[in-house]
Amino acid sequence: MALSSEVILETLLEVQAADLVADQLRHRRESIPERALRADQLRALAALDEEGRTTAVRFHDLDRSQRRQEDEIAAVTAKITDIDRSLYSGTVSSPRDLQAMQAEIEALTRRRALMEEKLIEVMEEAEPLGVALAGIEEATAVHQAEAERLGFLIAEAEKAIDGELAEVTAGRDALAAGVPRDLLVTYERLRARLGGVAITRLEAGRCLGCHLALPSGELDAIRHAPPGASLFHEECGRLLVR
Ligand SMILES: [Zn+2]
């Protein structure tokens, strides 16, 4: 059954009302407050990750250096023990050799003391970094949990909005089925260009889309147009319903 042109335009107004509700729902979906909060959490996590990486690199450098120095100290200690053992073994009897060995033990002991001082410096430098790494790990866990919680809330809100959106869209499509194809195409094109409002009522000589009063000549032409003619407000380009 073909609808009369008046009914078609009234239907198109209803289609537009549904489209505007759908636009609002989509906007609401985009601007779910938890979305911005979750983005903050993800930014914090990225910063922590960066900080963690840099700190870990420095910490592991110091850790490697500490182990190398410990090995070197152990090697010097072993050498001292070796010389010490031969010194008291009685196999060396020349006083000159014994004196030389004694001198070497003293030199090695001095060297070891310097190495131990350096080792302590490295350990002192590494300690706060280790503490910082633990702190970063802890903070990361807190932000991750919060991001997860917000992600859950976003998904819940999206689900609710999507439900509403599906309902509105189904109603809109049912209405749009009663509007001729070419009129719908014109409507969509105008809607995209005119901020979502393509069709509007003409009331008391005023276009309700742009709120401008129509000049009397244009009003006259609209009044005398045949039924079913597509009428547009020349100023804003919107479809008008008499
Ligand atoms: Zn207008």
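Which residues does Leu190 touch, not counting residues up to four places away in sequence? The answer is Ala198, Gly237, Arg238 and Leu239, where two residues are in contact if their C-beta atoms, placed from the backbone, lie within 7 Å.

1. Basis. This is a predicted model, in which local features need pLDDT of at least 70 and side-chain atom pairs count only at pLDDT 80 or more, while totals for chains, interfaces and linings use all residues. Residues are numbered from 1 along each chain as its sequence is written.

2. Overall layout. The chain has five helices and three strands, and from the N terminus on these elements run α-α-α-α-β-β-α-β. The radius of gyration (taken over C-alpha atoms) is 42 Å, well over the 18 Å that the globule rule gives for 242 residues, so the chain is more spread out than a compact globule. That rule is 2.2 Å times the number of residues to the power 0.38. Helices (H or I, at least four residues) and strands (E, at least two) are DSSP runs, numbered from the N terminus. Along its principal axes, the C-alpha trace spans about 135 × 35 × 25 Å.

3. Domains. Domain 1 covers 1–31 + 180–242, and domain 2 covers 32–156; these bounds come from an automatic or database domain assignment. Taken over C-alpha atoms, the centres of domain 1 and domain 2 are 73 Å apart.

4. Helix 2. This helix takes in residues 33–89, and its 57 residues should span 84 Å at 1.5 Å a residue; the end C-alpha atoms are 82 Å apart, which agrees. The expected span is 1.5 Å times one less than the number of residues in the helix. Just after helix 2, Gly90 takes a positive phi of about 85°.

5. Burial and core. Buried residues make up 9% of the 242 residues in the chain. A residue is buried if 20 or more other C-beta atoms lie within 10 Å of its own, exposed if 12 or fewer, and partly exposed in between, with C-beta atoms placed from the backbone. The largest nonpolar core has eleven residues, among them Leu9, Leu12, Leu190, Ala198 and Leu239. Helix 1 (5–30) and strand 3 (239–241) are the elements that give two or more residues to this core, and helix 1 gives the most, with four. A nonpolar core is a set of buried Ala, Val, Leu, Ile, Met, Phe, Trp, Tyr and Cys residues joined through C-beta atoms within 7 Å.

6. Three strands form an open sheet with the order 2-1-3 and mixed pairing. Strand 2 and strand 3 stand at the edges, each with a single partner strand, so one side of each has no neighbour in the sheet. Strands pair if DSSP finds at least two bridges between them. Strand 1 and strand 3 run parallel and are joined by three bridges; Arg201 has Val241 in strand 3 as its bridge partner.

7. Positive phi in loops. Most residues other than glycine have a negative phi. Ala204 has a positive phi, near 50°, and lies in the loop between strand 1 (199–203) and strand 2 (206–207). Ala204 counts as exposed, because it has 6 C-beta neighbours inside 10 Å. His211 also has a positive phi, near 70°, and lies in the loop between strand 2 and helix 5 (216–224). With 9 other C-beta atoms within 10 Å, His211 is exposed.
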